[in-house]
Amino acid sequence: MGRVRKTFASAHASVASTVWSASLLHALKWSPRTGALSRRPRTLPVREAIGLIVRERLQPACGAWHFSWDIERFCETMIVEENDGRVDVYAPRALNEWSPFAHFTSSAEAVALRTAKTEPLPFWLLRLTTFDGYLQRCSSVSARPRDHFPSRETYSGAAALLNCRLEHMTLQGNEARFARWYDTLKDPRYHHSGDACWRGAIENHPRVPYSWFTVSALIHNADGACKAVQLAVSDGRSHSGVNIAAMRRSRYGYGVMLAVEEIKRLCAMGATSFDCGVSGVYGDYKKKIFLDALTTTVVREQ
């Protein structure tokens, strides 16, 4: 291995299919397991916690993922608990109030994700496979798939009617463009500017690389006007929406269409999840898009 450094995100993504040899663990400075884990909660440095996660083949709680769960980047320490053979490793705090606590577990049972909110709001999550699979899922959960958007039955017609394309770019170098689009499209009830929006996102996401912030815009093919815009954080594995603004329309919403086209792009690039954090319901797109929303429980940060 020499000086090759394997990040936690890539290591965990392949753990299910990789045999972690003693030489690899040594190269990564992960000590072999000695004796039983303590039943008393204890704090470990993050590198030791990563070794434990890999050795015990722990999985993300609820099969969830959020970019802040790349714990090597965002955490100094992790808390370890063992009870009746179950091992849990979780972060002592969340990145911010919209991020669930990073949590890895040996239990296949569903658990409520931990959040720093004042109330147990949903973690809005969509697990990704293929775009066609997503549309089929939408059709399956809808009582009237021919009328519901998105669905396999309505996508093509809605795309033709709205006549838009998705443009995806980094925030860096496009700050003024995002601000202009956001100011034009935001709900009049919101008084913050597009400039304040992206600057606030940077401030509220400590340690997130600037290159992870992205902008997606739904552009009308006929006149080149932006009909919807979203600021997000993408780590290559997942895509997490931060703010969205869209022109309001009665039947096929531009904001919903932007999210659908984003899902199409993410499926094509092999991303595994799309989320918009822990929050309440603002607008109607969350319940239409995020089919795997998870329950949360509020805990005090440690």
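Strands here are DSSP runs of E with at least two residues, helices are runs of H or I with at least four, and both are numbered from the N terminus. Ala228 stands opposite Ala246 in β11.

On the β12 side, β11 is joined to β12 by three bridges, and these two strands run parallel. His239 has Phe274 in β12 as its bridge partner.

Asn174 is found in the loop between β8 (164–170) and α7 (175–185). Asn174 is buried, with a relative accessible area of 15%, where buried means under 20%, exposed means over 50% and partly exposed lies in between, using a 1.4 Å probe and protein chains only. A polar atom of the Asn174 side chain lies 2.9 Å from the backbone oxygen of Thr170.

Within α7, the buried residues are Glu175, Phe178, Ala179, Trp181, Tyr182 and Leu185.

## Two nonpolar cores

A nonpolar core is a set of buried Ala, Val, Leu, Ile, Met, Phe, Trp, Tyr and Cys residues joined through side-chain atoms within 4.5 Å. The largest one has 31 residues, of which Leu128, Phe131, Tyr134, Ile263, Phe274, Ile289 and Phe290 touch the most other members. Two or more residues each are given to this core by β7 (123–127), α5 (131–141), α6 (155–162), α9 (254–269), β12 (273–278) and α10 (285–289), and α9 gives the most, with nine residues. A second, separate core of 29 residues includes Ala49, Cys62, Trp65 and Ala91.

## The chain as a whole

The secondary structure of the protein chain comes to 10 helices and 13 strands, and buried residues make up 50% of its 302 residues. Of the contacts (heavy atoms within 4.5 Å) with a separation of 6 or more, 68% are between residues 24 or more positions apart.

## Basis of the values

Residues are numbered from 1 along each chain as its sequence is written, and side-chain values use heavy atoms, with hydrogens and water left out. Because the model is predicted, local features need pLDDT of at least 70 and side-chain atom pairs count only at pLDDT 80 or more, whereas totals for chains, interfaces and linings use all residues.

Notes: Polar contact = N/O pair within 3.5 Å; in protein donor to acceptor, adjacent residues only side chain to side chain. Pairing = 2+ DSSP bridges.
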